[in-house]
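Dear colleague,

I am handing over the structure below, followed by an account of what was found in it. Please read the notes alongside the model.

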Amino acid sequence: MPKKVTTPEVAEQANVEPAPQMLDVDVAIERRLVALYTLQLLDSEIDKIKIVRGELPQAIQDLEDEIAGLQTRIDNFRANINEQEDTIQKRNSEVEDHKAMIKKYEKQQDNVRNNREFEAINKEIEFQNLEIQLCERRNRDSKNKINDLEHHIEAAELLIKNRQADLESKQEELNSIIQDTQKEEAEYLEKSKEQEQFIDERYLTAYKRIRKQARNGLAVVTFDREACGGCFSKIPPQRQSEIKMHKKVIVCEHCGRILVDDDIAQKAHELIKK
């Protein structure tokens, strides 16, 4: 009984990937091109889902950053208040020392021997009183500063409360959108991983780099009316023929996008429908 030979065509009909040694160069490259365009279609669908989410993720990140900044500001205000309170306590201690010195000088006045000693002690008492007044004035300034800082804290806490409400609202809205689309997105991501295994690392790296640079996220495009589907630059007839032969990966000379023909695109669409 003759052995049954599995050809690439039979394997494809059976939805089984032929062994590497059974693929000639053209079939291997065609499979790679199909995988690249399929990956592009899947990633474009994921992009659409992200567009539905709009700018909510960025808005949420901005709110979180603003709240964190406000909290840091409040912490700095409170640290400043603590410093002012410590300084007030030190000045109060200095006031007590100055008062003690005044009592000491007042006792010395009872034992002076002449007017010169009396005047000298009196000047020391006046100096101590001036120091007390200076400490008290500085303490009043510190207390006023503490009051200002406390008002700033109240304003920042109110702002945090409002921003927190906005954050919760946007997060709830985003969660609702994610819940509606996460299953679909997960399916696309799974299919994307399946296609990546058919793409050489260098082509996959180039694909991701081009997608990141392209404003519309298109790294693999078809040519329409003899022009690149990405930058719409004219493609020479010889180049068009090479694209249709599926013998190598060809990129646009103007924008660097990978070019495929309608045949590859059709096979990619059929692959996604399975």
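**What was found**

Of the 274 residues in the protein chain, 33% are buried, where buried means under 20% relative accessible area, exposed means over 50%, and partly exposed lies in between, with a 1.4 Å probe and protein chains only. Please keep in mind that this is a predicted model, in which local features need pLDDT of at least 70 and side-chain atom pairs count only at pLDDT 80 or more, while totals for chains, interfaces and linings use all residues. Residues are numbered from 1 along each chain as its sequence is written, and side-chain values use heavy atoms, with hydrogens and water left out.

The protein chain holds seven helices and four strands, these being DSSP runs numbered from the N terminus, with at least four residues (H or I) for a helix and at least two (E) for a strand. Read from the N terminus, the order of elements is α-α-α-α-α-β-β-α-β-β-α. The chain is more spread out than a compact globule, because its radius of gyration is 40 Å, well over the 19 Å that the globule rule gives for 274 residues; the radius is taken over C-alpha atoms, and the rule is 2.2 Å times the number of residues to the power 0.38. Along the principal axes, the C-alpha atoms fill a box of roughly 140 × 45 × 40 Å.

Within helix H3 (residues 56-109) lies glutamate 96, which counts as partly exposed because its relative accessibility is 48%. Between glutamate 96 and glutamate 194 there are 98 residues of separation in sequence and 81 Å in space, C-alpha to C-alpha.

The four strands form an open sheet in the order E2-E1-E4-E3, with mixed pairing, two strands being paired if DSSP finds at least two bridges between them. Strand E2 (227-228) and strand E3 (250-251) are the edge strands, each pairing on one side only. Strand E1 (residues 220-224) runs antiparallel to E2 and is joined to E2 by two bridges, and aspartate 224 stands opposite alanine 227 in E2.

Serine 233 sits in the loop between E2 and helix H6 (237-245), and serine 233 counts as buried because its relative accessibility is 17%. Leaving aside residues up to four places away in sequence, serine 233 touches Glu226, Ala227, Cys228 and His254, a contact being heavy atoms within 4.5 Å.
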